Amino acid sequence: MNFESVLAGLPDAVIAIDGSGRVVFWNAAAEELTGRSARRATGRFLKEIVAPAASLVRRLDETLATGEHRSEPEAAIDTVEGQHIPVSVVTAPLFARDGRVEAAVAVLRDVSRIRQLEAEVRRGETLAAAGRMAVGLAHEIRNPLGSMRGAVQLLARELGAESPLLEYTDVLTKEVDRVNRIIEMLLDLARPVQLRLVPLNLHQLLERVAVLSEEMARERRVTIVRRYDPSLPPIAGDEDLMLQVFHNLVRNAIDAMPNGGHLTLMTRVSRHPLFGKIDLGTGQRTFVEAQVGDEGAGIPADVRSRIFDPFFTTKDRGLGLGLAVCHRIVEEHRGTIQVESTEGRGTVVTCFLQVAK
Ligand SMILES: Nc1ncnc2c1ncn2[C@@H]1O[C@H](COP(=O)(O)OP(=O)(O)OP(=O)(O)O)[C@@H](O)[C@H]1O
Ligand SMILES: [Mg+2]
């Protein structure tokens, strides 16, 4: 049996170093995980390839020194492109005939999908909690708001059409209405949505969104680029709600590029390991991907976990509801929404949506 080919074909990354810390084995999964080819990795010191402080290096060094296993379930590894990928690391010693530790091998498993799903569940819980709170609050707030609005209108009438004080009653009315709109939106998040699912042509839908945003894009010197897959099947979606999703995403992308840039609308049939499933009945893939990409500043790591929270915003005039609403709608469609962002390079939001049956 050829053990090397077994190791080479493992879905987990396998990396081995000799006693001096040089890479002696780097399988295909390691190439894929790190973005580094085996040809360029083997023979070099592992410390020179990955950060010397990385868990992988430390655990392998410990195993070389002690001859013992090490395991770290929550480690991370950086790819050539600077992406930080969560992995679990397990190391083991390889002994020479005389009992010396000759080499050490590490198995790394990419746990980003698991982390994504965990985040997804947490996000859903936060939204549900926010929704329940909103329903409770809304009833308490809407009645006094209604009274305030009525009182302000009476006051305005008493003051008469010529009064300079009308300026103030106007402000009061407008602000009361604004608070009401915020509550309505929050309630929208909490209400069960009635989906009217129809087969939708995503490209037509995206074009409608593009037309609506064209003027704003032009003002900000944002160019809209289309990369549509012509073979894309129709999705099962509620037209108004889907328009809302992509409108929000396109708005965010434009907001992210105050100095202009490219906004990319991309579609494709999904080959994602989780969502790219094939329907056994029809033999077709069951999800498509629709992406909105920008060349903005990206989302800082500490902000990333909060962008789907209702009312989280970094904008002066933002409500922070856009992504919460998108998330809600896509979830209702039994799809998923994912955000990938590289600081300084831009952000790509991907919606995984079900193909119409
Ligand atoms: N494409 C993007 N690039 C950079 N940051 C983004 C992008 N999309 C969202 N964000 C960040 O996520 C935050 C939340 O986005 P969200 O759409 O929920 O609210 P908002 O755009 O601030 O306000 P609203 O959509 O309610 O007008 C934004 O304030 C911004 O910090
Ligand atoms: Mg927004």
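## The sheet

Let's start with five strands that make an open sheet, in the order 7-9-10-12-11 and with mixed pairing. Strands here are DSSP runs of E with at least two residues, helices are runs of H or I with at least four, and both are numbered from the N terminus. Two strands pair if DSSP finds at least two bridges between them. At the edges sit strand 7 (222-227) and strand 11 (336-342), each pairing on one side only. On average, neighbouring strands of this sheet are turned by 15° against each other, ignoring direction.

This is a predicted model: local features need pLDDT of at least 70 and side-chain atom pairs pLDDT 80 or more, while totals for chains, interfaces and linings use all residues. Residues count from 1 along each chain as its sequence is written, and chains are lettered from A and ligands numbered from 1 in the order written.

## Strand 7 and its neighbour

Strand 7 runs parallel to strand 9 (residues 261-269), and six bridges join the two. Valine 225 sits opposite threonine 264 in strand 9.

Now for helix 6 (residues 112-159) and helix 11 (residues 322-332): their axes come within 11 Å and cross at roughly 110°. Axes are lines fitted to C-alpha atoms, for helices over the stretch in contact, with angles from 0 to 180 degrees between N-to-C directions. So helix 6 is roughly perpendicular to helix 11 (65 to 115 degrees counts as roughly perpendicular).

Helix 6 brings Arg123, Gly124 and Leu127 to the contact, and helix 11 brings Ala324, His327, Arg328 and Glu331 (contact means C-beta atoms, placed from the backbone, within 7 Å).

Note on methods:
Angles under 35 degrees count as roughly parallel, over 145 as roughly antiparallel, 65 to 115 as roughly perpendicular and the rest as oblique. Two residues are in contact if their C-beta atoms, placed from the backbone, lie within 7 Å.
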